[in-house]
Amino acid sequence: MSAPRRPGDDGRSGAKKKGWAKAKPKTKRPGRPRVRRESRETTADAGAELGAKPVRVRKDGSVASGRKEVRVARAKGVTAEAAPVTASTRSRPPRRPEGVRAKSDAPRPARDEVARPKKDLPTQREAAPGRTERPAARVRRDGSVATGTRAVREARAEHHASREPQRIAKLLARAGVASRREIERMIAEGRIALEGAVIETPATILTSLAGVTVDGKPVDATEASRLFLFHKPTGLITAAFDPAGRATIYDRLPPGLPRVIPVGRLDLNTEGLLLLTNDGELKRKLELPSTGIPRMYRARAYGEVTQEMLESLSDGVEIDGIRYGPIDANLERRTGRNVWIEIRITEGKNREVRRVLEYLGLQVSRLIRTAYGEFVLADLPPGQVVEVRQHDLEEFRKTIR
């Protein structure tokens with residue numbers, strides 16, 4: 001039996017139930033009250049009765065805020081209370097008295113008549129006694145330069161670094177005289193002097209190389225760091241002087257180069273890439289084993305060797321009490337009993353490649369250094385020199401730890 005229907009229920013779901021619930025009466029929303037607009041004359045009279053808010057006058061007589069009528073009135077000595085601002089006067093700016101020109105109508109002085117005291121008067125830096133001339137751009141505490149071109153940044157960074165107290169050995173190495181170890185040897189021999197007095201210890205602290213002489217010759221000012229790639233031929237000694245009278249790399253360097261020092265050494269019979277720089281500090285960083293800069297070699301050797309024997313060098317080897325670090329060696333090709341081997345080392349100890357290959361029973365007949373870090377020998381002819389671009393040198397120095 002179905003349930004009885006309620007009044008107004010037609011049996012459909014959701015149908016409106018008529019007469020069952022009483023609808024709520026609709027309330028009228030209050031609207032915005034109508035305001036009668038008064039004429040301008042009425043508003044002006046009301047503004048005149050209330051008066052305007054006083055405006056602050058500065059010490060120099062200028063007005064901080066207010067309309068033009070108030071400024072003109074105060075310029076004539078009238079107080080703020082005596083010059084009320086009304087709606088009727090707002091649209092009527094005061095007339096300019098006859099014979100008085102506006103500020104914009106005043107003739108401008110000629111360009112030559114304008115006084116320029118900044119160029120005539122000495123600057124604060126020039127007037128201050130006992131101060132050295134400083135670059136215009138700001139140099140941060142860490143040595144980086146805030147503004148300027150690349151050349152200016154390098155010069156200012158060098159200027160900033162030269163003012164810091166440093167050991168004389170470091171300053172001379174930075175100037176490209178020699179390495180720190182060689183400079184210490186030169187100091188022990190009495191070849192370096194300061195203001196005519198021989199320096200006895202490499203721990204002497206200086207702020208610049210002014211008055212420093214090496215073998216009686218003054219040291220040149222520090223230049224920007226430069227790096228050169230030199231293809232060293234065989235038969236040359238990597239040194240500035242050889243007691244035996246053999247030819248050195250400086251006998252083959254082209255004229256016009258600055259004073260440069262070699263980065264590392266190559267044996268008499270070793271050829272290939274040799275880096276040259278005028279910065280002793282850069283030389284030291286490139287030679288340190290802790291930097292992990294790889295050196296690539298190609299060796300031609302006589303004897304029998306397998307790839308398994310070469311892979312055993314990856315863990316390092318100890319020869320005659322000297323420990324050599326990991327070496328990456330690969331067999332390139334074999335021609336008869338001669339083999340070509342590619343070798344990658346990171347320490348660069350004295351005669352490291354030759355001693356390791358001799359330890360494996362090989363006789364090295366030719367050794368070529370093909371790369372030093374990111375710098376590659378490529379097709380550079382023997383005896384030729386090419387300079388590394390400053391941009392590439394800066395990017396490379398960022399990778400040095």
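Reader: Which residue meets the side chain of Asp267 in a salt bridge at 3.5 Å, N to O?

Author: The model is predicted, so local features need pLDDT of at least 70 and side-chain atom pairs count only at pLDDT 80 or more, while totals for chains, interfaces and linings use all residues. Residues are numbered from 1 along each chain as its sequence is written, and side-chain values use heavy atoms, with hydrogens and water left out. A salt bridge is a side-chain nitrogen of Lys or Arg within 4 Å of a carboxyl oxygen of Asp or Glu. At 3.5 Å, N to O, the partner of Asp267 is Arg351.

Reader: How many residues apart are Asp267 and Arg351?

Author: Helices (H or I, at least four residues) and strands (E, at least two) are DSSP runs, numbered from the N terminus. Asp267 and Arg351 meet in a salt bridge. Asp267 lies in the loop between strand 8 (261-263) and strand 9 (270-277), and Arg351 in the loop between strand 14 (338-345) and helix 11 (352-359), so the pair links parts of the chain whose separation in residues is 84.

Reader: Which residue of helix 11 also links to Asp267, and is that residue buried or exposed?

Author: Asp267 meets Arg354 in a salt bridge of 3.7 Å, N to O. The two are 87 residues apart, with Arg354 in helix 11. Buried means under 20% relative accessible area, exposed over 50% and partly exposed in between (1.4 Å probe, protein chains only). Asp267 is partly exposed at 22%, whereas at 10% Arg354 is buried.

Reader: What is the relative accessible area of Asp279, which forms a salt bridge with Arg397?

Author: The closest N and O atoms of Asp279 and Arg397 are 3.9 Å apart. This pair spans 118 residues, from the loop between strand 9 and helix 9 (280-287) to helix 12 (residues 390-399). Arg397 is partly exposed at 32%, but Asp279 is buried, with a relative accessible area of 1%.

Reader: Which side chain of opposite charge is nearest to Arg295?

Author: Lys and Arg count as positive and Asp and Glu as negative; His and the chain ends are not counted. Arg295, in strand 10 (residues 295-302), is buried yet has no salt bridge. At 7.2 Å, the nearest side chain of opposite charge is Glu287.

Reader: Which residue's side chain does a polar contact of 3.0 Å join to that of Arg295?

Author: A polar contact is a pair of N or O atoms within 3.5 Å; within protein, one must be able to donate a hydrogen and the other to accept it, and residues adjacent in sequence count only if both atoms are side-chain atoms. Contact, by comparison, means heavy atoms within 4.5 Å, and residues that Arg295 touches include Ile343 and Ala371. The polar contact of 3.0 Å joins the side chain of Arg295 to that of Tyr372.

Technical notes: Lists of a residue's contacts leave out its neighbours within four places in sequence.
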